[in-house]
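Dear colleague,

I am handing over the structure we spoke of, and it is placed directly below. After it you will find my notes, arranged by topic, which I hope you will read with the model open beside them.

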Amino acid sequence: MLSWIRKRIPARITGRLAPVAAALTVACTPVTAPAPAPSAAEVALSLDDVPSTFVVYNADEGAKATSRDFEVPVHLDPPESGPALDLKVVVDASGLEGIARVADDGNCKGSGWVYTCEYGSPQNDGESYAPFQLLGLDGVKPGDSGTVTYTASADNAPPVTGTTRMVIGGPTLGAPDEELEVSGVVPGRDTPLTPKFANRTRFSADRGVALRVEAAGGLTLEPRHGNCSYDAATPTSAWCLFPAGAAPRTAYRTRAPLTYVARDEQLTGTITYSWSSTPEKPAGHPVRGTGAPLTLTATADEEFGSPSGAVRVNTTVQADYRPVTGTVRGRVGDTVDVRRSSRSASAWTGR
């Protein structure tokens, strides 16, 4: 009997230990640590849209001048390569000493001449801030200039640096205060426009004078003048340069008129124009006029205190309106249509 018991006991012990051993084997399997998250790919920064030359203010404005227009846009190149992590731009304006002052505008941190703009982690088109407010100084002259330097950097991008030449502009040129209204314009026919301005300051416009004209509301300009550049063959925008400039305290007009045309069935339109003594041809004006150049001539004095001139154009086209009646149903806030009669609610009646 005892011999039978001794033979059975080892078998039971062996059978119970086997699962335990297996369990111990699983418990001792090494645990692999999670892989670190990949860092953002390196991106390239671009300062191409920061202007190479910037007019700080006009000389006659002096200490009264203020400007928040200078910005430092930073883009990613290519745009889909972002984000740029912890993007910063450091702007050093010490080259403006004697040209302008800078003041905190709330966008960037700094004091004195150096400001740091924190752009965060922008994607795609990047970000743009005005680093500071620019303030004028008395005693400056047209053409005085200084240089602003800026460096953009990010945790995953190499730094890139740029500079902008900041220039004191020529005299402020004023357009007529009163908006001109022209009636009886026949669509399809040339209509004259004679822009005017005055230089009320003590400075000469030695770098020349530029005229910018914009047509809207179905009006187009005639591209006839050799010293003008236009935005298209049938233009709505023109930029004209007058190299002779403008004398102090003198009013001028174009010696010959520009011309514009109203489209058929056009009721009204507008022409606006402005003058600059710091000529800088705008982008998007590839068409050069082929006719005789426009010139300037002195004109009678009037009120010339507006930054731009405006002309409201009324054509000979008329429109008769017929009221439409009907019953509508709906709840408050619903948008419903009123069914028209068989005839149009408005009709052209001719010129």
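In these notes a disulfide is a pair of cysteine sulfur atoms within 2.5 Å, and by this rule the count comes to 2 disulfides. Before going further, please keep in mind that this is a predicted model, in which local features need pLDDT of at least 70 and side-chain atom pairs count only at pLDDT 80 or more, while totals for chains, interfaces and linings use all residues. Residues are numbered from 1 along each chain as its sequence is written, and side-chain values use heavy atoms, with hydrogens and water left out.

Disulfides

One of the disulfides joins C108 to C117, with an S to S distance of 2.0 Å, and this link is right-handed, with 100 degrees about the S-S bond. To describe accessibility I call a residue buried under 20% relative accessible area, exposed over 50%, and partly exposed in between, using a 1.4 Å probe and protein chains only. C108 is buried, with a relative accessible area of 5%, and C117 is buried as well, its relative accessible area being 0%.

A disulfide also joins C228 to C240, again with 2.0 Å from S to S, and the link of C228 and C240 is right-handed, with 105 degrees about the S-S bond. This pair links distant parts of the chain, since C228 belongs to strand β19 (residues 228-230) and C240 to strand β20 (residues 237-242), 12 residues apart; strands here are DSSP runs (E, at least two residues), as helices are (H or I, at least four), numbered from the N terminus. Both C228 and C240 are buried. With bonded cysteines counted along the chain, the disulfides follow the pattern 1-2, 3-4.

Salt bridges

Where a side-chain nitrogen of Lys or Arg lies within 4 Å of a carboxyl oxygen of Asp or Glu, I speak of a salt bridge, and by this rule the count comes to 9 salt bridges. In one of them E302 pairs with K196, the closest N and O atoms being 3.3 Å apart. That pair links distant parts of the chain, with E302 in the loop between β25 (296-298) and β26 (309-315) and K196 in strand β16 (residues 196-199), 106 residues apart. E302 is partly exposed at a relative accessible area of 32%, and K196 is partly exposed at 24%.

The side chains of D301 and R200 also meet in a salt bridge, at 2.5 Å from N to O. Here too distant parts of the chain are linked, D301 lying in the loop between β25 and β26 and R200 in the loop between β16 and β17 (209-216), 101 residues apart. D301 is exposed, with a relative accessible area of 56%, whereas R200 is partly exposed, with 42%.

R224 and E222 form a salt bridge at 3.6 Å, N to O, and D190, E222 and R224 are linked in a network of salt bridges.

Nonpolar cores

A nonpolar core is a set of buried Ala, Val, Leu, Ile, Met, Phe, Trp, Tyr and Cys residues joined through side-chain atoms within 4.5 Å. The largest has 37 residues, and those with the most contacts inside it are F70, V72, V89, L134 and Y150. At least two residues of this core come from each of β2 (53-58), β4, β5, β8 (114-120), β11 (145-154) and β12 (157-169), and β11 gives the most, with 4 residues. If contact is taken as heavy atoms within 4.5 Å, then L134, leaving aside its neighbours within four places in sequence, is in contact with residues including F54, V56, F70, L96 and M166. A second, separate core of 29 residues includes L173, C228, Y252 and Y260.

A loop residue

L85 lies in the loop between β4 (72-76) and β5 (87-92), and L85 is partly exposed, with a relative accessible area of 29%. The C-alpha atoms of L85 and S121 are separated by 4.5 Å, although these residues are 36 residues apart along the chain.

With best wishes
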